[in-house]
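Take a look at the chain below. This report walks through some of its features, one region at a time.

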Amino acid sequence: MNEVVGRDDLLLLTVDTLRHDVAVELAAAGRIPNLARHLPGGVWEERHAPGSFTYASHQAMFAGFLPTPARPGPHPRLFAARFAGSESTAGRTYVFDTPDLVSGLAAAGYRTVCVGGVGFFNKQGALGDVLPGMFQESHWEPAFGVASPTSFEAQVERAEQVVAALPADQRLFLFVNASALHQPNWFHLAGATAEAGDTRATHAAALEYVDRHIGRLLTAMSSRRRCFAIVCSDHGTTYGDDGYTGHRLAHEAVWTVPYAHFFLEPSA
């Protein structure tokens with residue numbers, strides 16, 4: 001990462017609430033072709049989330065604690081704040097001297113931009129301004145939120161505008177929190193109803209929806225130079241698993257998340 005930072009643009013896309021098992025099933029079945037073609041070996045890596053809900057997980061990720069590989073460690077991290085005794089900081093780790101990765105990348109010359117999704121990024125109250133407030137530039141509007149059936153394509157359009165407005169020599173760290181899979185997501189499955197509510201099937205349909213539009217985002221991020229992309233979930237969620245519904249709870253479906261990182265080569 002010490003070679004990547006300062007050379008490449010950076011993308012962190014969190015597909016909010018995405019379950020690992022659903023992501024794996026859809027990749028194997030060919031239902032998310034645009035994402036799958038970028039996954040190393042065509043498969044997701046199984047990892048453990050750093051938090052059980054959006055706010056906690058993103059606070060950890062912005063401090064350098066991305067989801068942890070779901071196998072015995074230690075596991076060297078891509079990014080880490082400088083502190084003595086860190087067992088997950090290695091020679092390849094990009095170490096920053098600020099309280100969080102976002103300001104660390106800004107200090108390294110990056111333009112830091114957030115395109116928010118779920119309520120913790122809506123800037124409509126003090127709490128909703130904490131995470132987007134870390135960035136030099138942040139965007140949120142109702143069209144990006146959980147209630148919008150076209151949220152991800154609206155977010156992608158804003159990301160395209162951000163990229164197009166930057167000077168050619170300006171490095172970019174773009175963060176996008178895709179809200180489409182967060183409840184309510186029933187409207188992404190034909191024939192589903194609000195009365196029936198969200199299900200594992202509507203969750204999967206929402207991921208297919210994200211996949212239909214993700215190519216535009218990846219194209220934009222590789223339009224100026226090579227981009228290092230991280231795509232992952234911040235946490236999963238439950239749909240009646242062992243009697244549980246939702247997240248912010250300790251269940252395997254919540255703690256186990258899909259993760260991938262890869263390079264996007266310049267498209268021009």
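Where does R77 lie? R77 is in the loop between strand 3 (68-69) and strand 4 (79-81). Helices (H or I, at least four residues) and strands (E, at least two) are DSSP runs, numbered from the N terminus.

Before going on, a word on the source. This is a predicted model, in which local features need pLDDT of at least 70, side-chain atom pairs count only at pLDDT 80 or more, and totals for chains, interfaces and linings use all residues. Residues are numbered from 1 along each chain as its sequence is written, and side-chain values use heavy atoms, with hydrogens and water left out.

Is R77 buried or exposed? R77 is buried, with a relative accessible area of 9%. Buried means under 20% relative accessible area, exposed means over 50%, and partly exposed is in between (1.4 Å probe, protein chains only). R77 touches A63, G64, F65, F83, S86, S88, T89 and T93, leaving aside residues up to four places away in sequence. Contact here means heavy atoms within 4.5 Å. Y110 is another matter: R77 and Y110 are 33 residues apart in sequence and 20 Å apart in space, C-alpha to C-alpha.

P74 is found in the loop between strand 3 and strand 4 too. The peptide bond from G73 to P74 is cis, with omega near 10°. A cis bond also runs from Q183 to P184, with omega near 0°. P184 lies in the loop between strand 8 and helix 6.

Which residues of helix 3 are buried? They are T54, S57, H58, A60, M61 and F62. Their cover includes strand 1 (9-15), helix 4 (101-107), strand 8 and strand 9 (227-232). Just after helix 3, G64 takes a positive phi of about 105°. G64 is also among the residues that R77 touches.

F62 has a ring partner. The structure holds nine aromatic pairs. Rings of Phe, Tyr and Trp (its six-membered ring) pair if their centres lie within 6.5 Å; planes under 30 degrees apart count as stacked, over 60 as edge-to-face and the rest as tilted. One of these pairs is F62 with F175, which is edge-to-face: 5.1 Å centre to centre, with 85° between the planes. This pair links distant parts of the chain, with F62 in helix 3 (residues 54-62) and F175 in strand 8 (residues 172-178), 113 residues apart. Both F62 and F175 are buried. Ring pairs also join F62, F121, F135, F173 and F175 into a cluster.

**Charges over rings**

Two arginines sit over aromatic rings, as the table shows. A charge sits over a ring if NZ of Lys or CZ of Arg is within 6 Å of the ring centre and within 35 degrees of the ring normal.

| Charged residue | Ring | Distance to ring centre |
|---|---|---|
| R47 | Y259 | 3.6 Å |
| R226 | F263 | 4.0 Å |

**Two packed helices**

Two packed helices are described by the angle between their axes and the distance between the axes. Helix 5 (residues 151-165) and helix 6 (residues 200-221) pack at an angle of about 5°, with their axes 9 Å apart. The two helices are therefore roughly parallel to each other, a label for angles under 35 degrees, while over 145 counts as roughly antiparallel, 65 to 115 as roughly perpendicular and the rest as oblique. Residues in the contact include F152, V156 and V163 of helix 5, and Y209, I214 and L217 of helix 6.

**Two residues with positive phi**

T17 has a phi near 80°, a positive value in a residue other than glycine. T17 is in the loop between strand 1 and helix 1 (20-28). T17 is buried, at a relative accessible area of 0%. R248 is not a glycine, yet has a positive phi of about 60°. R248 lies in the loop between strand 11 (245-246) and helix 7 (252-255). At 61% relative accessibility, R248 counts as exposed.

**A260 in strand 12**

A260 is in strand 12 (residues 256-264). At 3% relative accessibility, A260 counts as buried. What does A260 touch? Leaving aside residues up to four places away in sequence, A260 touches L39, P40, W44, A229, I230 and V231. A260 and E46 are 214 residues apart in sequence and 9.0 Å apart in space, C-alpha to C-alpha.

Key:
Axes are lines fitted to C-alpha atoms, for helices over the stretch in contact, and angles run from 0 to 180 degrees between N-to-C directions.
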